[in-house]
Amino acid sequence: MKPAGKHEHHLGQPTWVFGYGSLIYKVDFPFLQREPASVTGWKRRFWQGSHDHRGTPESPGRVVTLVPSRGLICKGIAYLVDNSVFEHLDHREKNGYRRYTTDILLTDREEPVEGVLYVAERGNPAFLGSAPVQELARHIAASHGPSGSNRDYVLELARSLKDLGDHDPHVMALEALLTRHQD
């Protein structure tokens, strides 16, 4: 995987974008094609702070990023988009995420396609890092931002992953804790 420059896909060719968090269910951009997909060597973790969507600068929520994990497969959705869409996606993913080029395996193809994904790496200003799942659930339950409650983000992601046939243990553990103590 390598950083994708802002103009790397400038030749007018549509580009695949891999969504593994809210890009699975909050599709606020035009796309040419939508396919179930996966990337290898990554796992989803609620380690990124959200100062602009699911929290505030004073009280950030937690959203997913990808963490390198040899041999694991992360399922999601890939979108084929015109390159003009990246202006919107770069703004949407601005809080610590960087665009990277990677191989994406579309469910209905044998060979991967080259595409991009957004990753918030350790060291970015909004990175919160690891915590025990109970602590993550308490943090998420208490967080709310302009895009809604952090709890709803987790529950919608869990529902979307189940629809894809992916029972991500990290997400499902948080879902169980957040639904156990519903108001």
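Reader: Quick recap before I start: two strands pair if DSSP finds at least two bridges between them. In S4, which residue is the bridge partner of Trp16?

Author: Trp16 has Leu80 as its bridge partner in S4. Keep in mind that this is a predicted model. Strand S2 (residues 15–19) and strand S4 (residues 61–81) are joined by 5 bridges and run antiparallel.

Reader: Thanks! And what about S2 and S6, parallel or antiparallel?

Author: Parallel there, with 3 bridges joining S2 to strand S6 (residues 113–119). Val17 has Val116 of S6 standing opposite.

Reader: How many of the residues in S2 are buried?

Author: 5 of its 5 residues are buried, so the strand counts as mostly covered, given that buried means under 20% relative accessible area. In a regular strand, side chains alternate between the two faces of the sheet. Here both faces of S2 are covered, with Thr15, Val17 and Gly19 on one side and Trp16 and Phe18 on the other.

Reader: Nice. Is S4 largely enclosed or open, and why?

Author: S4 is largely enclosed by the rest of the structure, because 15 of its 21 residues are buried. S4 also runs antiparallel to S3, and 15 bridges join the two. One example is Ala37, whose bridge partner in S4 is Gly76.

Reader: While we're on S3, where does Ser38 sit, and is it buried or exposed?

Author: Ser38 is in strand S3. It counts as buried because its relative accessibility is 13%. Beyond its neighbours within four places in sequence, Ser38 is in contact with Phe18, Ile73, Cys74, Lys75, Ile104 and Leu105.

Reader: Okay, changing topic. Which residue caps the N-terminal end of H5?

Author: That's Asp168: one of its side-chain oxygens lies 2.9 Å from the backbone nitrogen of His170. Helix H5 itself covers residues 169–180, 12 residues in total, and reaches 16 Å from first C-alpha to last, close to the 16 Å expected.

Reader: And which residues of H5 are buried?

Author: The buried ones are His170, Val171, Met172, Leu174, Glu175, Leu177 and Leu178. As a reminder, in an α-helix residues three or four places apart point the same way, because there are 3.6 residues a turn.

Reader: What covers those buried residues?

Author: The cover includes strand S3 (33–50), helix H3 (133–141) and helix H4 (150–163).

Reader: Then there's the loop between H4 and H5. What is Leu164 in contact with?

Author: Leu164 is in that loop. Setting aside neighbours within four places in sequence, it is in contact with Ile24, Pro36, Lys75, Gly76 and Ile77. Gly76 is 88 residues away in sequence, yet the two C-alphas are 7.5 Å apart in space.

Reader: Last one: how much space lies in the largest pocket, and which residues lie nearest its centre?

Author: The largest pocket holds about 320 Å³ of space. Its lining has 24 residues, and Ser22, His53, Arg92, Glu93 and Tyr153 lie nearest the centre.

Reader: Which element gives the largest share of that lining?

Author: H2 does, with 3 residues. Helix H1 (22–25), S3, S4 and helix H2 (85–92) each supply at least two residues of the lining.

Conventions
Residues are numbered from 1 along each chain as its sequence is written. This is a predicted model: local features need pLDDT of at least 70, side-chain atom pairs count only at pLDDT 80 or more; totals for chains, interfaces and linings use all residues. Side-chain values use heavy atoms; hydrogens and water are left out. Helices (H or I, at least four residues) and strands (E, at least two) are DSSP runs, numbered from the N terminus. The expected span of a helix is 1.5 Å times one less than its number of residues. Buried means under 20% relative accessible area, exposed over 50%, partly exposed in between (1.4 Å probe, protein chains only). Contact means heavy atoms within 4.5 Å. A polar contact is a pair of N or O atoms within 3.5 Å; within protein, one must be able to donate a hydrogen and the other to accept it, and residues adjacent in sequence count only if both atoms are side-chain atoms. On a 1 Å grid over the protein atoms alone, a cavity is a set of points where a 1.4 Å probe fits but cannot get out, and a pocket is an open set with protein on both sides within 12 Å along at least five of seven lines; lining residues have an atom within 4 Å of a point. Grid points are joined across faces, edges and corners, and a volume is the space filled by probe spheres set on the points.
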